[in-house]
Number of protein chains: 2
Amino acid sequence: MTSPDRSRRIVLLTEGHSEPAAGKTASCLLRYRGGEIGAILDSTQAGRTAHDLFGVGGSIPVVATLDEAGPADELLIGIAPPGGRIPPAWRPVILAAIGRGMRIVSGLHDFVADDPEFAAAARDRGVEIRDVRRNAERDVAKCPPLREECLRILTIGQDISVGKMVTSVELARALRGRGIDAKFIATGQTGIMIEGDGCPIDRVISDFVNGAVEKQVLANQHHELLVVEGQATITHPQYSGVSLGLLHGCDPHGMILVYEAGRPHHMGLPHIPLPRLESVIEAYERMAAFRGGGRVIGVAMNSRRLGADEADAERARVKAALGLPVADPIRHGSGDLVEAVLALAARRRGA
Amino acid sequence: MTSPDRSRRIVLLTEGHSEPAAGKTASCLLRYRGGEIGAILDSTQAGRTAHDLFGVGGSIPVVATLDEAGPADELLIGIAPPGGRIPPAWRPVILAAIGRGMRIVSGLHDFVADDPEFAAAARDRGVEIRDVRRNAERDVAKCPPLREECLRILTIGQDISVGKMVTSVELARALRGRGIDAKFIATGQTGIMIEGDGCPIDRVISDFVNGAVEKQVLANQHHELLVVEGQATITHPQYSGVSLGLLHGCDPHGMILVYEAGRPHHMGLPHIPLPRLESVIEAYERMAAFRGGGRVIGVAMNSRRLGADEADAERARVKAALGLPVADPIRHGSGDLVEAVLALAARRRGA
């Protein structure tokens, strides 16, 4: 693991998009790197706090200008919209940050460093632009035997933006808390910003997705356990290709299904109903069978829409319906999911 | 359809790779644009004919140098190796062709026009370099309702390089022969070279694969019928992501399964057995069910390894085992597959 430089003082740019859905990157950075974040920049929400906007990040202030943000050496773009383009309203802010000598970090598909105006400004000022989705993956998967002593767990989902990354980070941390040498394998821009390494697989040329994921496994299988961050779902009409390449590229021994309780339909696609959790599990296990045959061993419920009693009822209902451990890693902790992973590891050792 | 310029006189470059597997592009160009091809350039095979090397293309000569090829205005790179890189031995030939003012057409992942030496030479000589895999796809699928009067057929496969493109071209032609306004939707570099349009989906950024395929459907659904060229297979350990994005992006009403009789294992992966045809069908139908629920309606058998009697026996065996029409489009013609498509169209009209 390449540890991110924890000494940076970061300004999170979410201008005009400070809601948890669009600001998924911001929410997760606040959750896992909150100590490095000095301010959130959104002139439409100035005067509020991180907690007000994202339900996480406590009293980190929301400011209207870089001047109000105080000393900082990094501007981090905190949204990841579909298509990933730079909103025009952000251009002056990015240029001003470069003018102050701040590093620019972005997870957008539109690379900041490929923009001639930003590139020229950064060159003049000697500023680094880090486009986290940039990659040069060009290797087809080789499908070698993998180290069987390294247990591979993949988070999968019923939809996009349900909490696969948070579940993966929490699970890896909880496993490390139990003395397991567990490594979080980031596969998306936000995960990479948190972990400091990984591969932005949705930005990889499609021919090389399986290979790019395999490469992450090969580079990290000296660990005892890998928790691979899932992307979207193989049942998703827009992104299924990314998800299946990820599944076959990492060939997991076990999968944790993540869903958001109470979500009515695919995010952004109100005319397309969500598949039932049973269907998602069946589809993943069937497709996994073309490699090593990993099974779903637990369910991570994202219960942010529910009150405490509702969440407990939903948890019990889904546990009974699927016959699998269920927990919201934020609300209930990851204990039940850790036990499911340890039980899988024990079964494999016994086998 | 943008018709390719049929007046060009093409030299097919396959230097050192003149076998049907590596020279898949060459074989298909010889089959479908043979009338425009003046010579094959392979110094290791000079003096032989296209038929000798590829079993197609008749007496088109194999030559050792551009001088021997006679007058020509296009050099077409006729191999598509995994990874798609330019073999170093080809550099002097490509430069010589540019020097003669010949257009360069390539389907490799490594773009010829991005090579500084080739680019400079082409600029100096005013020569066009056409990298067929180049694309700027950046749109996520929108999943609108599609025109239900346009029947969408997708070819799918048990493996790579089994004949999905040939099956698609032959089926579309045979349907047009029956008076149907059928359009071949090319999704790979060779198909695009033959049809003159399409999208190289294995070169699209993975987030946009489903969307790029959907775009091809939207642009062509004024036709009565689309035959969409399949890529790899959703059960393939190296390329499954490409294949699933293609399936969900075009949401076919019917699928034709293509396989090569007698193939022992995944091409290039001797340690990975091929899935049974039944498993491939089940996997595709299950994943198609997350969109419109298309079914497999016929099987195209590639029987190039078999003699005539063996091919007939295999055809009867698979037909009985799967309960589906089976034919080798080259050996037996596409009649049975055309009937299967017309029957599906009739069932849908009746429904």
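Here is a friendly set of questions and answers about this predicted model.

User: How many residues of chain A are in contact with chain B, and how many of chain B with chain A?
Analyst: Let's start where the chains meet, and remember that this is a predicted model. A pair of residues counts as in contact if their C-beta atoms lie within 7 Å. On that basis, the number is 36 residues of chain A and 36 residues of chain B.

User: Which element gives the most residues to the side of chain A that touches chain B?
Analyst: The elements of chain A that give two or more residues to the side touching chain B are α8, α9 and α10. With six residues, the one that gives the most is α9(A).

User: How many residues of α9(A) are buried?
Analyst: A residue is buried if 20 or more other C-beta atoms lie within 10 Å of its own. The buried residues of α9(A) include A:Ser240, A:Leu244, A:His248 and A:Cys250. The helix is mostly covered, and the count is 11 of its 11 residues.

User: Which elements of chain B do the buried residues of α9(A) pack against?
Analyst: Within chain A, the buried residues of α9(A) pack against β7, α8, β9 and α10. They also reach partners in the other chain, and those elements of chain B are α8 and α9.

User: Which residue just after α9(A) takes a positive phi?
Analyst: Look at the place just after the helix, where the phi angle is about 45°. The residue there is A:Asp251.

User: What distance does helix α8 of chain A reach from its first C-alpha to its last?
Analyst: This helix covers residues 209–220, which is 12 residues. At 1.5 Å a residue, the expected span is 16 Å. The model comes close to that, with a reach of 17 Å.

User: Which element of chain B do the buried residues of α8(A) pack against?
Analyst: The buried residues of α8(A) include A:Val209, A:Gly211, A:Glu214 and A:Val217. In chain A, the buried residues of this helix pack against β7, β8, β9 and α9. From chain B, the partner is α9.

User: Are α4(A) and α5(A) roughly parallel or roughly antiparallel?
Analyst: The axes of α4(A) and α5(A) come within 9 Å and cross at roughly 15°. Angles under 35 degrees count as roughly parallel, and those over 145 as roughly antiparallel. That makes the two helices roughly parallel.

User: How do the residues in the contact of α4(A) with α5(A) divide into nonpolar, polar and charged?
Analyst: From α4(A), the contact uses A:Ile94, A:Leu95, A:Ile98 and A:Gly99. From α5(A) come A:Phe118, A:Ala121, A:Ala122 and A:Arg125. They divide into six nonpolar, one polar and one charged.

User: Are α6(A) and α12(A) roughly parallel or roughly perpendicular?
Analyst: These helices pack at an angle of about 70°, with their axes 10 Å apart. Angles of 65 to 115 degrees count as roughly perpendicular. The two helices are therefore roughly perpendicular.

User: How many residues of the contact of α6(A) with α12(A) are nonpolar?
Analyst: A:Leu171, A:Ala174 and A:Leu175 of α6(A) meet A:Leu337, A:Val338 and A:Val341 of α12(A). No polar and no charged residues take part, and the number of nonpolar ones is six.

User: Is A:Cys143 buried or exposed?
Analyst: A:Cys143 lies in the loop between β6 and β7 of chain A. Phi of A:Cys143 is near 55°, a positive value in a residue other than glycine. Because A:Cys143 has 21 C-beta neighbours inside 10 Å, it counts as buried.

User: Is B:Ala232 buried or exposed?
Analyst: In chain B, B:Ala232 lies in the loop between β9 and α9. B:Ala232 has a positive phi of about 50°, although it is not a glycine. It has 25 C-beta neighbours inside 10 Å, so B:Ala232 counts as buried.

Methods:
Residues are numbered from 1 along each chain as its sequence is written. Chains are lettered from A and ligands numbered from 1 in the order in which they are written. This is a predicted model: local features need pLDDT of at least 70, side-chain atom pairs count only at pLDDT 80 or more; totals for chains, interfaces and linings use all residues. Helices (H or I, at least four residues) and strands (E, at least two) are DSSP runs, numbered from the N terminus. The expected span of a helix is 1.5 Å times one less than its number of residues. A residue is buried if 20 or more other C-beta atoms lie within 10 Å of its own, exposed if 12 or fewer, and partly exposed in between; C-beta atoms are placed from the backbone. Two residues are in contact if their C-beta atoms, placed from the backbone, lie within 7 Å. Axes are lines fitted to C-alpha atoms, for helices over the stretch in contact, and angles run from 0 to 180 degrees between N-to-C directions. Ala, Val, Leu, Ile, Met, Phe, Trp, Tyr, Cys and Pro count as nonpolar, Asp, Glu, Lys and Arg as charged, and the others, Gly among them, as polar.
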